[in-house]
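Subject: Structure handover

Hi,

Here is the structure I promised to pass on. Please open it alongside this message; my notes follow below.

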Amino acid sequence: MTELRRDYTVASWQLAVESIGLAIEDAGLKHQDIDGLLINKSPIEDLSAMPMDLQDYAGLRNLSLLNVVEAEGSSMIQTLQQATMAIQSGMAKKVVCVFADTPLQPGSSAAESFAIAMPMMGKLGIEIANGFYSAIAAYAMAAQRYLSVYDRTTDDLALVAMANREWAMLNPLAKIKKPMTMEDHHASPWLVEPLRMLDCAYPVNGSIAVVVSDVEYADNHPDQAAYIYGMGQGHKGNTNRRGYQPEIETGAKNAAATAYKMAGITVDDIDACEFYDAFTISTLVNLEMYGFCEKGTAGKFIAEKGIGPGGQLPINTGGGHTSGYYMQGATAVSEAVMQLRNKAGERQLTKLDNMLVTGYGGRMQYHAALIMGQ
Amino acid sequence: MEYPKEGVIWPVVVDVAEPFYEGMQKHQVLIQQCQSCETYLPPAQAVCDECGSDKLEWLESSGKGEIYSYVVFHRSFHPYFDDKIPYTVALVELEEGPRVMGHIEFSADQTYSVGSKVVADFKTIDKKDELLFFKLEGGENK
């Protein structure tokens, strides 16, 4: 992981070169040991920001696996999945998965990068003429549907933001650590109602890389590795007509079914979760779709069981996207790996037999999940 | 990606969506129907997601529906909308079943929520294009 900054220094591929080097060194490997590179380019950046020849910039000349994986916010999890499949099939043994992004550009705010560069267009494209800009809008649409159908209030969203903040206060890497109360959430300005400033991700510039290796290497390495037990995907599309609610009944359910089965577990065996949570609404929907509680009851689940420090189901233990740092799908992966390698300091969890690590993209229509453990 | 700073941004219309935009210029809300299984589909599809048939026909919706979900923009993300915030954009479920997006316009004394009845209307944007929006049924427009 590079330094995560709130200003622009260098381009994404340069940050990626740095994080790739750090990950290889941390894994006890040399550059010539790496035989796979899977690149997670940010959807808001051009391909030139993270080109295929990142291989050359990073000095990786022995590759038998190379790809730019594009599945929006689910890409980082998908790179780990592809690396795992490649290793199991004998195509590679040491695969680097890397993400980098520079939403903070010289002379423009991160909000502009995410808003103007990414109008949320469906097949029809009419969103753009309606001023339906920014990912926030799509998630606000999901949030309003959720709150109305299940007769809930934005206080459910606040519970997610508050738990993230509590975790962030224990994480040296987290960006926002000021204590947050329900009143603070109420006072937070609307951006796209029903989502407030405090419901949104906190963008940073930086890069995160991990090495996925063969099990033999991990087992025999003196430093503790994190293991992948199961994985799955679910992509249900945007069926925008009566009888379907793609905004709040997502493909995460399908990703969960495949991943739990592969790992030989049920949802009851999950000790902690690292979710993609660019907007607080998604944690509510994820809790329901990954099977932790019934539809419309995530707020009650959080209030009763707790997802913050000391809670029964720790979620986003580094502060998530809203209080930790927004490195898209790499945020969840980085925090999971730190926890599973017992390197999470004050926020370290003690029981981690099965951790659910997930990513989603688009308007929550692309989902990928890993079951990981120690 | 750079967009023009003046006027509303009009999408690059893909072939399959052309009839919807042509309909809008004639003040019609066009949806699609599968000629095989009769499912009404939101614009613009190439294949029916119910039965896989590519025999889809365009037809005019009644324009009546209800709010499926909505958002209120309190921040402008483009200069055209700077003097229009707060504005409401909804997904409207037409009575035939498909959902389409449009602004909800309402007067100060009107309230709305998910499930409110709305009806399609049109207004001229940038003195050239007709854009679909929805008004609360029975309500007066600003």
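**Helix packing in chain A**

In this predicted model, the axes of helix α3 (residues 75–88) of chain A and α13(A) come within 7 Å and cross at roughly 55°. Angles under 35 degrees would count as roughly parallel, and 65 to 115 as roughly perpendicular. α3(A) and α13(A) are therefore oblique to each other.

Which residues make the contact between α3(A) and α13(A)? From α3(A) come S75(A), M76(A), I77(A) and L80(A). α13(A) brings G329(A), A330(A) and V333(A). By class, this contact of α3(A) with α13(A) holds five nonpolar residues, two polar ones and no charged ones.

Helix α13 (residues 329–340) of chain A also lies across a set of strands: β1 (36–41), β3 and β6 of chain A. It runs at about 55° to β6(A).

**The sheet in chain A**

Those strands belong to an open sheet of four, in the order β2-β1-β3-β6 (chain A). The pairing is mixed. The edges are β2 (65–68) and β6 (206–213) of chain A, each of which pairs on one side only. On average, neighbouring strands of the sheet are turned by 15° against each other, direction ignored.

Take one pair in detail. Strand β3 (residues 94–101) of chain A joins β6(A) in the antiparallel sense, over eight bridges. There, V98(A) stands opposite A209(A) of β6(A). Helix α1 (residues 12–26) of chain A packs on the sheet as well, touching β3 and β6 of chain A. The direction of α1(A) makes about 40° with that of β6(A).

**Where the chains meet**

How many residues does each chain put into the contact between A and B? Chain B supplies 41 residues and chain A supplies 32 residues. On the chain B side, β2 (40–41), β4 (64–73), β5 (87–94) and β6 (99–105) of chain B each supply at least two residues. β4(B) gives the most to that side, with six residues. The residues on the side of chain B that touches chain A divide into 30 nonpolar, seven polar and four charged.

Strand pairing crosses between the chains too. Strand β4 (residues 190–193) of chain A and β4(B) pair over two bridges, in the antiparallel sense. V192(A) stands opposite F73(B) in β4(B).

**Domains of chain B**

The contact between them takes eight residues from domain 1 of chain B and 12 residues from domain 2 of chain B. On the domain 1 side, α1 (18–25) and β2 of chain B are the elements that give two or more residues. The residues of that domain 1 side divide into six nonpolar, two polar and no charged. β2(B) is also listed on the side of chain B that touches chain A.

**Confidence**

The predictor gives the complex an ipTM of 0.93 and a pTM of 0.95. Chain B has a mean pLDDT of 90, and 92% of its residues reach 70 or more. Where pLDDT is low, the predicted coordinates should not be read in detail.

Best wishes

Definitions and conventions:
Residues are numbered from 1 along each chain as its sequence is written. Chains are lettered from A and ligands numbered from 1 in the order in which they are written. This is a predicted model: local features need pLDDT of at least 70, side-chain atom pairs count only at pLDDT 80 or more; totals for chains, interfaces and linings use all residues. Two residues are in contact if their C-beta atoms, placed from the backbone, lie within 7 Å. Ala, Val, Leu, Ile, Met, Phe, Trp, Tyr, Cys and Pro count as nonpolar, Asp, Glu, Lys and Arg as charged, and the others, Gly among them, as polar. Two strands pair if DSSP finds at least two bridges between them. Axes are lines fitted to C-alpha atoms, for helices over the stretch in contact, and angles run from 0 to 180 degrees between N-to-C directions. Angles under 35 degrees count as roughly parallel, over 145 as roughly antiparallel, 65 to 115 as roughly perpendicular and the rest as oblique. pLDDT is the predictor's confidence in each residue, from 0 to 100.
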